[in-house]
Amino acid sequence: MLGKPFSVRTYRSYPIWVRKWAHATKLTVVITGEIKSQVDKVWNTFWSGGISNPLEVIEQITYLLFLKRLDERQTLEEKRSNMLGQPIQNPVFPEGNDPMGRPYADLRWSRFKNFAKDEMFTLFQ
């Protein structure tokens, strides 16, 4: 979104990765209200978890979004399969267990998001 340039006071209140992105893209970014508080919440969660490098934060968010998108795709294929009465061809999350003995279904976002943080860490260790 293009808008008025940041005031110094407002600009400094954004996380460093937002400021670097705005500077690198030479765009004027205006983030306010609910979106700003959501961005701050995500940033603080990563920061308190020990990830302070903006590139690592973006990398982790990308992994999570990819995992979520794969689950959405699998859900869509399951609905399609049920409607047509045909088996799913090339499922993203197959039946059975992975080489470590965990069900592939545990990798689905719809299940993963409800795990305790220790269990999440163990799953992707």
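This briefing walks through a predicted model of one protein chain, from its overall fold down to single residues. In this predicted model, local features need pLDDT of at least 70 and side-chain atom pairs count only at pLDDT 80 or more, while totals for chains, interfaces and linings use all residues. Residues are numbered from 1 along each chain as its sequence is written, and side-chain values use heavy atoms, with hydrogens and water left out.

**The whole chain**

- The protein chain has 6 helices and 0 strands, where helices (H or I, at least four residues) and strands (E, at least two) are DSSP runs numbered from the N terminus.
- Of the 125 residues in the protein chain, 20% are buried; here buried means under 20% relative accessible area, exposed means over 50%, and partly exposed is in between (1.4 Å probe, protein chains only).
- The accessible surface of the protein chain is about 9,800 Å², and carbon and sulfur atoms hold 58% of that surface. Accessible areas come from the Shrake-Rupley method with a 1.4 Å probe, and for residues only the protein chains shown count as cover.
- Among contacts (heavy atoms within 4.5 Å) with a separation of 6 or more, 32% join residues 24 or more positions apart.

**Helix α3**

- Helix α3 covers residues 33-48, and its 16 residues reach 22 Å from the first C-alpha to the last, close to the 22 Å expected at 1.5 Å a residue. The expected span is 1.5 Å times one less than the number of residues in the helix.
- Which residues of α3 are buried? They are Lys-36, Trp-43 and Phe-46.
- These three cover an arc of only 95° around the axis, so they sit on the same side of α3; the arc is that of the directions from the helix axis to the C-beta atoms.
- The other side of α3 carries the exposed residues Gly-33, Glu-34, Lys-41, Thr-45 and Ser-48.
- After α3 comes Gly-50, with a positive phi near 100°.

**Helix α4**

- Helix α4 has 31 residues and reaches 45 Å from its first C-alpha to its last, close to the 45 Å expected at 1.5 Å a residue.
- Buried residues in α4 are Pro-54, Val-57, Leu-67, Asp-71, Gln-74 and Ser-81.
- Leu-65 also lies in α4, but Leu-65 counts as exposed because its relative accessibility is 55%.
- Leu-65 and Trp-109 are 44 residues apart along the chain, and their C-alpha atoms are separated by 9.0 Å.
- Just after α4, Gly-85 has a positive phi of about 70°.

**The loop between α4 and α5**

- Asn-90 is found in this loop, and Asn-90 counts as exposed because its relative accessibility is 70%.
- The phi of Asn-90 is near 55°, which is a positive value in a residue other than glycine.
- Arg-108 lies in the loop too, between α4 (54-84) and α5 (109-112).
- Is Arg-108 buried or exposed? Arg-108 is buried, because its relative accessible area is 11%.
- Leaving aside residues up to four places away in sequence, Arg-108 touches Asp-71, Gln-74, Thr-75, Glu-78 and Phe-93.
- The side chain of Arg-108 also makes a polar contact with the side chain of Glu-78, at 2.8 Å. A polar contact is a pair of N or O atoms within 3.5 Å; within protein, one must be able to donate a hydrogen and the other to accept it, and residues adjacent in sequence count only if both atoms are side-chain atoms.

**Aromatic rings**

- A pair of aromatic rings is described by the distance of the centres and the angle of the planes.
- The structure holds 3 aromatic pairs. Rings of Phe, Tyr and Trp (its six-membered ring) pair if their centres lie within 6.5 Å; planes under 30 degrees apart count as stacked, over 60 as edge-to-face and the rest as tilted.
- The rings of Trp-109 and Phe-112 have centres 6.3 Å apart and planes at 45°, so this pair is tilted.
- Trp-109 and Phe-112 are about one helical turn apart because 3 residues separate their positions in helix α5.
- Trp-109 is partly exposed, at a relative accessible area of 22%, whereas Phe-112 is buried, at 6%.
- Phe-112 and Phe-115 have ring centres 6.2 Å apart and planes at 75°, so this pair is edge-to-face.
- Both Phe-112 and Phe-115 are buried.
- Through these ring pairs, Trp-109, Phe-112 and Phe-115 are linked into a cluster.
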